[in-house]
Every structure is written in structure tokens, then in C-alpha cells.
Amino acid sequence: MNFETDRLIIRGWKEDDANRLFLLVNDPDVGMACGWPRHESIDEAREFIKSSMLGDGNWAIVLKENGELIGEIEMRIPYCTDIRDPEEGELGFWLGKEYWGKGYMSEAVRCILHYAFTDLNKKNMYAGHFVGNENSNRIITRLGFEFYKTHTYLIDLKTNRILIVEDYKMSKDKYLELYSK
């Protein structure tokens with residue numbers, strides 16, 4: 001399923017997105033904020049798309065005006081939280097650094113929240129960020145998510161790298177209160 005907003009197309013990933021993905025996430029301010037190791041090649045980025053990003057619930061964020069890939073948004077159960085209820089979902093997202101501060105991610109998140117609460121009838125949606133990722137924190141709280149809890153997240157089994165995650169929650173009632181006017 002694809003979506004369209006005023007400025008964005010939110011569509012499924014393609015293997016052809018590997019070149020652009022490689023450029024965007026190799027910025028340490030982007031990839032490290034997602035907890036990803038640096039991709040060493042375009043082929044590695046392509047394999048990452050094939051193994052992790054194809055299929056339902058993962059979307060590439062593309063500028064409508066020129067078709068340029070600028071980021072990703074995904075909705076899964078479970079993801080980083082301990083959520084296991086199919087009536088709930090969790091968002092994850094990232095955006096290329098040159099697109100920060102332009103409202104693109106807020107636009108994409110609002111679109112997927114609408115889909116989650118209206119079309120899928122989710123009762124709660126969650127979003128989280130690694131401690132220190134203030135950009136994601138601002139987006140999450142500005143859109144109306146409320147703090148839920150903090151937990152640890154094992155990011156790399158080889159190195160036992162553990163990060164602290166702050167989780168936020170939005171109920172369907174809260175969404176309707178904020179966005180159905």
C-alpha cells in the first residue's frame with residue numbers, strides 16, 4: 001500500500017533504492033541514530049533492503065516534486081518495545097540529514113497514524129527513540145505522543161551493544177482528539 005501527502009509519496013522499498021539509501025544512512029548522524037552499523041557498500045545497502053525493508057509495514061519516504069528518496073517510516077509489532085498485541089503498532093522512522101527541520105517526518109508520521117487508527121483500527125500506537133536523539137524526541141512529542149517508559153535495547157549481538165530507548169504512546173482516543181477536527 002502506498003500513500004500520498006501534500007509533499008510526499010510514501011511507498012514500498014525497491015532494490016533500486018540501494019544507492020540513495022547508502023548515501024543517506026552513511027551519515028553518522030542518521031545511521032547511528034537508528035542504531036545501524038555503517039554500510040560499507042551499495043551492495044550491502046541492497047542486501048539490507050532485501051533482508052529488512054521489503055514487505056508490509058516498511059515504506060520509503062519520497063519527495064513528490066522530484067521522486068527523491070529522503071527517508072523511511074515503518075509500522076511493526078514488535079519493534080523496540082515489548083508490545084505484542086496485534087491491535088497495537090509501533091512506528092520507527094529516519095530522515096536524511098539535509099531534510100531535517102522541514103516538517104517532512106511530521107507529515108509522514110501523521111499519514112501513517114491516520115492509516116493505523118482509521119484503516120487498521122489500532123487502539124494504541126507507540127514510537128520511541130534512543131536516548132540522545134533529540135530530533136526524534138521533538139517529532140514524537142510535538143505530534144502528541146506521551147511518555148510511556150524507558151527500556152534497554154540490545155542492538156548488536158556481536159558486540160553486546162545496548163542502547164537506552166524512551167518509548168511514547170498515543171491512544172486512538174488521543175489521536176481523534178488531536179486530529180479529527
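Along the sequence, the protein chain of this predicted model runs through the order β-β-α-α-α-β-β-β-α-β-α-β-β-α. In total, six helices and eight strands are assigned to the protein chain.

**Confidence**

The mean pLDDT of the protein chain is 87, with 86% of its residues at 70 or more. Confidence is highest in strand 2 (residues 8–11), where the mean is 98. Helix 2 (residues 28–34) has the lowest confidence, at a mean of 65. Where pLDDT is low, predicted coordinates should not be read in detail.

**Chain-level properties**

The protein chain has 181 residues, of which 46% are buried. Its accessible surface amounts to about 9,500 Å², and carbon and sulfur atoms account for 48% of that surface. When contacts between residues at least 6 apart in sequence are considered, 63% of them join residues at least 24 apart.

**Helix 1 and its packing against helix 3**

Two packed helices are described by the angle between their axes and the distance between the axes. For helix 1 (residues 18–25) and helix 3 (residues 42–53), the axes come within 8 Å and cross at roughly 100°. An angle of 65 to 115 degrees counts as roughly perpendicular, and helix 1 and helix 3 are therefore roughly perpendicular to each other.

On the side of helix 1, the contact is formed by Ala18, Asn19, Leu21 and Phe22. These residues meet Ile42, Ala45, Arg46, Phe48, Ile49 and Met53 in helix 3. By class, the contact comprises eight nonpolar residues, one polar residue and one charged residue.

Is helix 1 largely enclosed or largely open to the outside? Six of its eight residues are buried, so helix 1 is largely enclosed by the rest of the structure. The buried residues of helix 1 are Ala18, Arg20, Leu21, Phe22, Leu24 and Val25.

Arg20 belongs to helix 1 and is one of its buried residues. Apart from residues up to four places away in sequence, Arg20 touches Glu68, Leu69, Glu98 and Tyr99.

**Selected C-alpha separations**

| Residue pair | Separation in sequence | C-alpha to C-alpha distance |
|---|---|---|
| Arg20 and Ile42 | 22 residues | 8.7 Å |
| Glu4 and Cys111 | 107 residues | 8.1 Å |
| Lys149 and Val165 | 16 residues | 8.4 Å |

**Individual residues**

Glu4 is part of strand 1 (residues 3–4). What is the relative accessible area of Glu4? The value is 58%, and because the threshold for an exposed residue is over 50%, Glu4 is exposed. Neighbours within four places in sequence aside, Glu4 is in contact with Ile9 and Lys64. The C-alpha atom of Glu4 is also 8.1 Å from that of Cys111, a residue 107 positions apart in sequence.

Ser52 is located in helix 3. With a relative accessibility of 27%, Ser52 counts as partly exposed. Its contacts, leaving aside neighbours within four places in sequence, are with Asn58 and Arg76.

Lys149 is placed in strand 7 (residues 146–156). This lysine also counts as partly exposed, at 26% relative accessibility.

Most residues other than glycine have a negative phi. Asn121 is not a glycine, yet it has a positive phi of about 55°. Asn121 is situated in the loop between helix 4 (104–119) and strand 6 (124–130).

Methods
Residues are numbered from 1 along each chain as its sequence is written. This is a predicted model: local features need pLDDT of at least 70, side-chain atom pairs count only at pLDDT 80 or more; totals for chains, interfaces and linings use all residues. Side-chain values use heavy atoms; hydrogens and water are left out. pLDDT is the predictor's confidence in each residue, from 0 to 100. Helices (H or I, at least four residues) and strands (E, at least two) are DSSP runs, numbered from the N terminus. Axes are lines fitted to C-alpha atoms, for helices over the stretch in contact, and angles run from 0 to 180 degrees between N-to-C directions. Angles under 35 degrees count as roughly parallel, over 145 as roughly antiparallel, 65 to 115 as roughly perpendicular and the rest as oblique. Contact means heavy atoms within 4.5 Å. Ala, Val, Leu, Ile, Met, Phe, Trp, Tyr, Cys and Pro count as nonpolar, Asp, Glu, Lys and Arg as charged, and the others, Gly among them, as polar. Buried means under 20% relative accessible area, exposed over 50%, partly exposed in between (1.4 Å probe, protein chains only). Accessible areas come from the Shrake-Rupley method with a 1.4 Å probe; for residues, only the protein chains shown count as cover.
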